[in-house]
Amino acid sequence: MLSTMQDFPLTVTSIMRYATTVFGTVEVGTYTGDGVRRTTYAELGERAARLAGALRDLGIDADQRVATFMWNSNEHLEAYLAIPSMGAVMHTLNIRLFPEQLLYIAEHAEDQIVIVDATLVPLLAPLLPQMKTVKHVIVVGDADLGPLAESGKDLHSYEDLLAAAPAVYDWPEDIDERQAAAMCYTSGTTGNPKGVVYSHRTMYLHSLAVCTGNALGLSSADKVLPIVPMFHANAWGLPYAALMAGASLIMPGRFLQAEPITWMIENERVTLASAVPTIWNDLLRHVRANGADLSSLRVVPCGGSAVPESLMRGFDDLGVRIVQAWGMTETSPLATVAHAPHGASLEEGWRHRVTQGRLLCGLEARIAGDGDVILPSDGSAVGEVEIRGAWITGSYYLDEDPAKFHDGWLRTGDVGMISPSGYLTLTDRAKDVIKSGGEWISSVELENHLMAHPDVLEAAVVGVPDVRWDERPLACVVVRPGASVAVDDLRAFIAARVAKWQVPERWAFVAEVPKTSVGKFSKVTLRRQYAEGGLDVTHLL
Ligand code: ADP
């Protein structure tokens, strides 16, 4: 080895040390419903030390798992710092999973302690007696502990524990960067959720990547509002990236509706806010109806599901730039981000911006076709996207699933194409592609066109069985409040935009599109509703 460089481990501990000193005066706030509770990175560092001491006293040692059952808040950030930095493993429980799934993952991860927000105690209480590995519950805020008491677990107040613990902690210097730092389970629409375990190194490299200009270009000039939950793929890595960049944070707590979010953007002068398309859709409606000053926003990363072009253009009209990003729990999650390259005309720019984005440095992606044949990244060959790289999972936690990997690449389950310059365009998830008479129809493309119709609020398209073609698209449409539109008009609108054989014959107006635990269209539910005759379907000939 010719290198003379130091072998300095890339750890969450080092992110914490850096942020809580160099950026010690940077502010972090949590919205409370009628104001903001504020603290600084330096104070956060001290409280993280106290939390680590308290957890050690409660028996947390080595790489034991400490779970969080929390909204985005200062305290959740303290857990983000303390748990990995002491060498333990943070497990963010997705509060929106079904009870059986929550029980499954808490037991699978062998969570020892759960830190829970007072407002979420009623959700946790009925599950707690069955969480066999959990010994202690730490409650943040004032709550009626009665419902938890029956569980027989040891109950603690977060603030009491912190007050009793020393203000300094002897953070370990010898954490191996390949050691586990945190884990997160996929929401598992079929089968049990699967655990992804992030290492210190992958967290560090992912955070660095988030800060690069081709991703979100975070810096100490930013104020970040992570609307995407910290229990969902680490809030897209924003908390650690913000700490690394010295960016200020405003946490939304449980207030994820358009009105409080708008308040936070306006009053806190937020420069970057991240959320799934459904949240931005609500916000756009709210702002169009009530007006708002969104001028502080520099960039709005959006992803988790395909971002409709109409949504991006709607925000562009307000001077706000939505930037589409793609990733998954297995990819830490950020993998691609859609910026227009220098010199692109306005329309060329849009052609890049409507893709899922350009691959970040540190990752490689390819397209696999039938029989696992690797297809060219030529912008037209379509197949399953496979990915590998510095922050991509290589396996699932205690869950052999060789079918998800191909020669060391992760099979993403997403179908699309990659351009020669590394822009990824998804046409569907593998399980949502509509296979009509041997041809593939992209449900996402039909949805995008439908959502561009002025009277359509939301639209989901699913494949349903068809005697002649095997499968045909069913369009489920939510009409904008106060508007009305005929199926024939929608069909004509679509027919002007896609090949004739792709135009759906089956149409249903629905009050809302059912959503999954992480806010995506639940196509499984729609297909089931259709199969059970629960939808009022118009079948055009
Ligand atoms: P889950 O798989 O449990 O729904 P994830 O958050 O890990 O939770 O979801 C990752 C999936 O979300 C991706 O595989 C992809 O199908 C979808 N996705 C994420 N971002 C986008 C995007 N910009 N466009 C289309 N689909 C997206």
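**A tour from the ligand to the core**

Start by selecting Gln324: a polar side-chain atom of this residue lies 2.9 Å from a nitrogen atom of the ligand, a polar contact (a pair of N or O atoms within 3.5 Å). The model is predicted, so local features need pLDDT of at least 70, side-chain atom pairs count only at pLDDT 80 or more, and totals for chains, interfaces and linings use all residues. Residues are numbered from 1 along each chain as its sequence is written, and side-chain values use heavy atoms, without hydrogens and water.

Next, select Gly304, where a backbone N or O atom lies 2.9 Å from a nitrogen atom of the ligand. Then go to Thr329: a polar backbone atom there is 2.7 Å from an oxygen atom of the ligand. The protein buries 92% of the 560 Å² that the ligand exposes when taken alone (Shrake-Rupley method, 1.4 Å probe).

Last, select Tyr41, Ile115 and Trp280. Of the 150 residues in the largest nonpolar core, these touch the most other members. Such a core joins buried nonpolar residues through side-chain atoms within 4.5 Å, where buried means under 20% relative accessible area (1.4 Å probe, protein chains only).

Note on methods:
A polar contact is a pair of N or O atoms within 3.5 Å; within protein, one must be able to donate a hydrogen and the other to accept it, and residues adjacent in sequence count only if both atoms are side-chain atoms. Buried means under 20% relative accessible area, exposed over 50%, partly exposed in between (1.4 Å probe, protein chains only).
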